[in-house]
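Take a walk through this model with the sequence at hand. We begin at a helix and then turn to the sheets.

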Amino acid sequence: MSDEVTRFRISTDVFGGSERLDEFCETFGRAILKVEIEPTNGMPLDIQMDVRVLPGLALATGSLSTMEVRHTPQLISDDDIVLVAIEKGAAHLKQAGREAFVQAGQAVLTTTGESGTFSKMAPTTLTNLRLSRAALVNDVLDLDSAIAGIIPMSHPALRLMIGYASLLNDQQGLETPELRRSFVAHMHDLAALALGAKRDAAETAKLRGVRAARLHAIKADILNNITRADLSIDAVALRQGLSRSYIGQLLAADGTTFTDLVLDRRLVYAHRALTNWRYANRKISVIAFEAGFGDLSYFNRAFRRRYGVTPSDVRATALVASTD
């Protein structure tokens, strides 16, 4: 298996008619997902899932219609574990001699190493996180007892885990084998905490996986709010439930400061706008203010230091290139 991120989409949209749906259930159900899929409640089968895969880790996000998913003994090929987080809808799991009714805002642990039935009782939006049992079994107090256990999505480790999983959509963030291996280890750290980590494993996870996930969450928060003139470290600290000193420590360990990171992201935002032909008639001052800059002179100086040319130069070059 490649150690790079594999991306694909599972969708019933490309299949029409009962014969094609049978083909879908065979190709994606039995061959790839190793499950039997049967629509229920008289509803047509509708599956829309985006999948990201690395060795030892897989993420699937999307929506499912009402259906029964059966993992039969004949289809068992490994013993990974899967955290299923339900954002909308409801589901019923039967596995390992246990039952679990999962509501929106909850997650449940399943395993591919045992037969079981997972019924989506309503149209469901969910996130599946597939992890290596071997990487977790020595770090969790009792992994087998956790099967079919309910975890609230408000659990700090699970919340961090789901947010950090979005890094799988960032090619630059996982551009080297070392970054990809570290990411997989961090995800297993967070999973161990969510499932009940042993003392030593918990300490390692806090120093490794939790710090990495929190740094990612801080950067995502900054990026999501980069156009706000009132963006501040105190505002980010409040949203993230962290102290400003802890945020400063994480950013310092990453080789930056809050001020430098915000400036960099705002300059990138402005540069992209200046090179986008759709904004060719928008004044440079407007773009600067939209990027969160309150002082046009400071914006011009910072932009020139970063890119070696003025904002006007960048726009002019982009306009010439668009007409070639």
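Which residues of α10 are buried? They are F299, A302 and F303. Buried means under 20% relative accessible area, exposed means over 50%, and partly exposed lies in between, with a 1.4 Å probe and protein chains only.

Before going on, note that this is a predicted model: local features need pLDDT of at least 70, side-chain atom pairs count only at pLDDT 80 or more, and totals for chains, interfaces and linings use all residues. Residues are numbered from 1 along each chain as its sequence is written, and side-chain values use heavy atoms, with hydrogens and water left out.

Stay with α10, which covers residues 296-307. Helices here are DSSP runs of H or I with at least four residues, strands are runs of E with at least two, and both are numbered from the N terminus. The buried residues of α10 fall within an arc of 105° seen down its axis, so they line one face of the helix. That arc is taken over the directions from the helix axis to the C-beta atoms. The length of α10 also agrees with expectation, because its twelve residues should span 16 Å at 1.5 Å a residue and its end C-alpha atoms are 16 Å apart. The expected span is 1.5 Å times one less than the number of residues.

Now look at the two ends of α10. At its start, a side-chain oxygen of D295 comes to within 2.9 Å of the backbone nitrogen of S297. Just after the helix, G308 has a positive phi of about 80°.

F289 sits in helix α9, residues 284-290. Beyond its neighbours within four places in sequence, F289 is in contact (heavy atoms within 4.5 Å) with G294 and D295. F289 counts as partly exposed, because its relative accessibility is 44%. Its C-alpha atom is separated by 50 Å from that of K198, 91 residues apart along the chain.

Next come the sheets. Two strands pair if DSSP finds at least two bridges between them. S63 has T125 of β11 as its bridge partner.

Axes are lines fitted to C-alpha atoms, for helices over the stretch in contact, and angles run from 0 to 180 degrees between N-to-C directions.

Another open sheet has five strands, ordered β2-β5-β10-β7-β8, with antiparallel pairing. β2 (36-39) and β8 (98-103) stand at its edges with a single partner strand each, so one side of each lacks a neighbour in the sheet. Here the twist averages 15° from one strand to the next. Six bridges join β7 (residues 90-95) to the antiparallel β8. Q95 stands opposite R98 in β8.

Finally, check two loops. A96 lies between β7 and β8. Its phi is near 55°, a positive value in a residue other than glycine. N41 lies in the loop between β2 and β3, and its phi, also positive, is near 60°. N41 counts as exposed because its relative accessibility is 59%.

How values were computed. Polar contact = N/O pair within 3.5 Å; in protein donor to acceptor, adjacent residues only side chain to side chain.
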